Amino acid sequence: MTELFEDSTQRLFNQDWFVSFPGGKPEPVTLPHAWNAVGWNYLGWKPDEPAGTRIYTKILRDLPAGALSLKFEGVAALARVFLNDTLIAENLGAYTPFRVSLAPLKRDNRDQLRVEVTDKASCPELPPREGSSFSASPRYRFWSLPLGSSMAAGGIWRDVWLEREADSRVDDLAVESFSDQVVVRATLAPECEMELSMEGATISIESAGPDFQATVRKNDAEHYRPSMPRLYPLKAVVRRNQAVIQTLTQMVAFREFTIRDCEFYLNGKPYFLRGQNGFPHCNIPHDRKYIAKYVSAVKAQGVEVSRFHTEPPSHAWLEECDRQGIGVIFELAIHGSM
């Protein structure tokens, strides 16, 4: 499966983990992982396993040289990260990514990473924001935490990445698509340069400084549309003092979606979108094979746009929608999301 985004300073860190109850026997597990992984649920369902805390551990061996960090894309809901029994980070938020520096590494192939994860049901509820402007609405209602998203999908339920730290790395490569071009923006560190390439494309650099901006035009590009989700690889090479420090590959589309006079236009032509009200269980971990199968089944029904509204969907869901030509409407995370 072709990756839609690749970063030479990152690699997946999902293998060779163990999980256990506090004081229990560790069992091998591959991330993403969650216990009692049940998605959207309003019923009086009771989990087989009790709520609480699980402990994920991993021995850090054969690590690359240089300063390193970990990027957790999502841990539900409270994560406390230890390195060799020293607390190095704490994060509350089931759907928010966070980074942890591994500066205290001993690098003796015996460094132990431990992540203590407490699920939503065991975290204290956040107080309602009664003073907000929303409370004045006649439709306002404070939803208690158990309603909506899964209460029991505690775990490291999204990918973990090992990153080479660098004060000049690019984390904010942004691509804006149009029917005849894509505009690329990034923030570059001092003394850094970025070079873009795409086969058969003409690239104009508007700003080569810290606020990098370039326009990529490809005269023979096929327009991206639901019936033909055509993507093209765009490569970005970041150099510092002429040395390559980072390579990014981003799949991009040539398309322009606009709304005019209450009608949809795709690449300048009127378009009728057939929609579906959200993927019902994207808030718990699934492997890519399952996600591809599920999105294919939705696509087979003629769906061209879908609504995500319970929490930010993982990259795997969004990328599969891009591959298969399903647009995404993303609304504010509610219903018990943290």
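A residue is called buried when its relative accessible area is under 20%, exposed when it is over 50%, and partly exposed in between, using a 1.4 Å probe and protein chains only. The structure is a predicted model, in which local features need pLDDT of at least 70 and side-chain atom pairs count only at pLDDT 80 or more, while totals for chains, interfaces and linings use all residues. Residues are numbered from 1 along each chain as its sequence is written, and side-chain values use heavy atoms, with hydrogens and water left out.

The secondary structure comes to two helices and 24 strands. Contact is taken to mean heavy atoms within 4.5 Å. Among contacts between residues at least 6 apart in sequence, 67% join residues at least 24 apart.

Helix α1 spans residues 288-300 and helix α2 spans residues 315-324; they pack at an angle of about 45°, and their axes are 10 Å apart. Here the axes are lines fitted to C-alpha atoms, for helices over the stretch in contact, and angles run from 0 to 180 degrees between N-to-C directions. Angles under 35 degrees count as roughly parallel, over 145 as roughly antiparallel, 65 to 115 as roughly perpendicular, and the rest as oblique. The pair α1 and α2 is therefore oblique. The crossing of α1 with α2 is right-handed, a term used when the near helix is turned clockwise from the far one by less than a right angle, anticlockwise being left-handed.

On the α1 side, the contact is made by I291, A292, Y294, V295, S296 and K299, and these residues meet A316, W317, E320 and Q324 of α2. By class, the residues of this contact are six nonpolar, two polar and two charged. In this scheme Ala, Val, Leu, Ile, Met, Phe, Trp, Tyr, Cys and Pro are nonpolar, Asp, Glu, Lys and Arg are charged, and the others, Gly among them, are polar.

Turning to α2 itself, its buried residues are W317, E319, E320, C321, R323 and Q324. They pack against β1, α1, β23 (305-308) and β24 (327-330). Just after α2, G325 adopts a positive phi of about 80°.

Strand β1 (residues 5-7) holds D7. With a relative accessibility of 9%, D7 counts as buried. Its side chain forms a polar contact with the side chain of Q246, at 3.1 Å. A polar contact is a pair of N or O atoms within 3.5 Å; within protein, one must be able to donate a hydrogen and the other to accept it, and residues adjacent in sequence count only if both atoms are side-chain atoms. Setting aside residues up to four places away in sequence, D7 touches R169, Q246, T247 and L248.

T57 is buried, at 15% relative accessible area, and I55 counts as buried at 15% relative accessibility. Beyond residues up to four places away in sequence, T57 touches D16, W17, F18, Q112, L113 and R114. With neighbours within four places likewise left aside, I55 is in contact with F18, V19, S20, P22, R114, V115 and E116. I55 and S20 are 35 residues apart in sequence, yet their C-alpha atoms are 5.3 Å apart in space.

Finally, the backbone has some features to look for in the loops. Most residues other than glycine have a negative phi, and most peptide bonds are trans. The peptide bond from L31 to P32 is cis, with omega near -5°, and P32 sits in the loop between β4 (27-29) and β5. The bond from A76 to A77 is also cis, with omega near -5°; A77 is found in the loop between β6 (68-72) and β7 (78-83).

N84, which is not a glycine, has a positive phi of about 55°. This residue lies in the loop between β7 and β8 (86-92) and is partly exposed at 23% relative accessibility. R107 has a positive phi near 60°. The loop between β9 (98-101) and β10 (111-118) contains R107, which is partly exposed with a relative accessible area of 41%.

Key
Helices (H or I, at least four residues) and strands (E, at least two) are DSSP runs, numbered from the N terminus.
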